[in-house]
Amino acid sequence: SATPSTADTPQSKNSTPGDRKQETGGCDPSSDLHAEQQRELLNDLFTLQSTDMPKDMGETLRKTLSRAFGRNEESSMNKAICGSKEIGRLHEEEKQQALQSCNALRHRLQGLLQAETQRRCAIGRKGTLRPQCLYRLRVGNPRIFQRESDHRDLHTAVHILLDCSGSMTGPPVTLARQACFAVAKALEGVRGVNPAVTVFPAYAPRGEAVCPVIRHGEKVTDRFGIQASGGTPLGPALWWVLQTLSGLREERKIVLVLTDGIPDAVQPCRYALHQAQRLGMEVYGVGILNDAITALLPQTSCVIRNLSDLAPAMFGLLQKAMLKGGRP
């Protein structure tokens, strides 16, 4: 019988192009042409002049390298710079309304802090002789000495970071600047507390910027006539505040963020908050007519809808912060 040809065998029908290439001795003209084109392109690349390069070559390389090395957005440490912003004084009516909330908050804080930080006198068998207790010797009571408990001072730096982005235009920024002024003024009157206020965003020739309103150690004024504009670069602003606080001598360092919405980039904010916790700093948030801040700080934030909410809301936050020593 006739022997089947090679083309009719199952092996030849199922053979791959690579197998057929090996059968023909590995000669593939199209492959050689492709390799030659690659060599020519490579030679052209090495002989290019600087004028032949694209204008955005550097930026393209930066993005490519960032992707190649797996740069994560949450590890961004883009710190804001110190810029400028036009800030006037509060209107007299706004100022008086804010001072009412300030006085209410200050009285509640001072009363609580006085009870917490005052020296307490304990009568016992050791310490300094207390003449008023000498009568106890007649009845065999040796508790005639007094000993004062250690004085607990606050030694706390509080940095208020105020969002004045474009979304704050109208009632939110009015409420925010009144609240900011009231809190700063109230904290200024508390012994052992060193307040400061910074707003963001601010103007700078390049990069994200913040503008200090009251620096640590300065007297709180009514220079809080802030207008809303720009984006919400909370992450860079937080890094600027953390760097500022790290150079202070106070034992405790607290950041108080006042904002009305979601930051431009959420993950860098989370990373900054994580690093603040590692550095031993505490971050608290106040939402202005918006509860978006509770997503970033679910355990250490509150929301105010009007100025009358400020005193009780802030009292609850600051009581937890300065007396209980809680960590976010």
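I count two strands as paired if DSSP finds at least two bridges between them. With that in hand I opened the model, which is a predicted one.

**Entry 1: the β8-β9 pair**
I looked up strand β8, residues 252-259, and strand β9, residues 282-288. They run in the parallel sense and are joined over six bridges. In this pair I found V255 facing V283 of β9. I noted that strands of a sheet pair through backbone hydrogen bonds, in either a parallel or an antiparallel way.

**Entry 2: the whole sheet**
Next I traced the sheet that holds this pair. Seven strands make up an open sheet, and I read their order as β1-β7-β6-β5-β8-β9-β10. The pairing is mixed. Which strands stand at the edges? I found β1 (81-82) and β10 (301-304) there. Each has a single partner strand, so one side of each lacks a neighbour in the sheet.

**Entry 3: overall counts**
I then stepped back to the protein as a whole. I logged ten helices and ten strands. The protein has 328 residues, and buried ones make up 39% of them. For contacts between residues at least 6 apart in sequence, I noted that 74% join residues at least 24 apart. The accessible surface comes to about 19,300 Å². Carbon and sulfur atoms account for 51% of that surface.

**Entry 4: a nonpolar patch**
I searched the surface for nonpolar patches. L129, L134 and L137 make one of about 260 Å². I placed L129 in strand β3, residues 128-129.

**Entry 5: aromatic pairs**
My last search was for aromatic rings. A pair of such rings is described by the distance of the centres and the angle of the planes. The count came to two aromatic pairs. One of them is W239 with Y271, at 6.1 Å centre to centre. Their planes stand 50° apart, and the pair is tilted. I checked where the partners sit: W239 is in helix α7 (residues 234-246) and Y271 in helix α8 (residues 266-278). The two are 32 residues apart, and the pair links distant parts of the chain.

Why does W239 count as buried? Its relative accessibility is 12%, and the cut-off for buried is under 20%. Y271 has a relative accessible area of 22%, so I put Y271 down as partly exposed.

Terms used. Residues numbered from 1 in each chain as written. Predicted model: local features only at pLDDT ≥ 70, side-chain atom pairs only at ≥ 80, totals over all residues. Heavy atoms only, no water. Helix = DSSP H or I, 4+ residues; strand = E, 2+ residues; numbered from the N terminus. Buried < 20%, exposed > 50% of the residue type's maximum accessible area, 1.4 Å probe, protein only. Contact = heavy atoms within 4.5 Å. Areas by Shrake-Rupley, 256 points an atom, 1.4 Å probe, with all protein chains shown as cover. Patch = residues over 30% accessible without salt bridge, like charges linked within 9 Å, V, L, I, M, F, W, Y side chains within 5 Å. Salt bridge = Lys/Arg side-chain N within 4 Å of Asp/Glu carboxyl O. Phe/Tyr/Trp six-rings, centres within 6.5 Å; stacked < 30°, edge-to-face > 60°.
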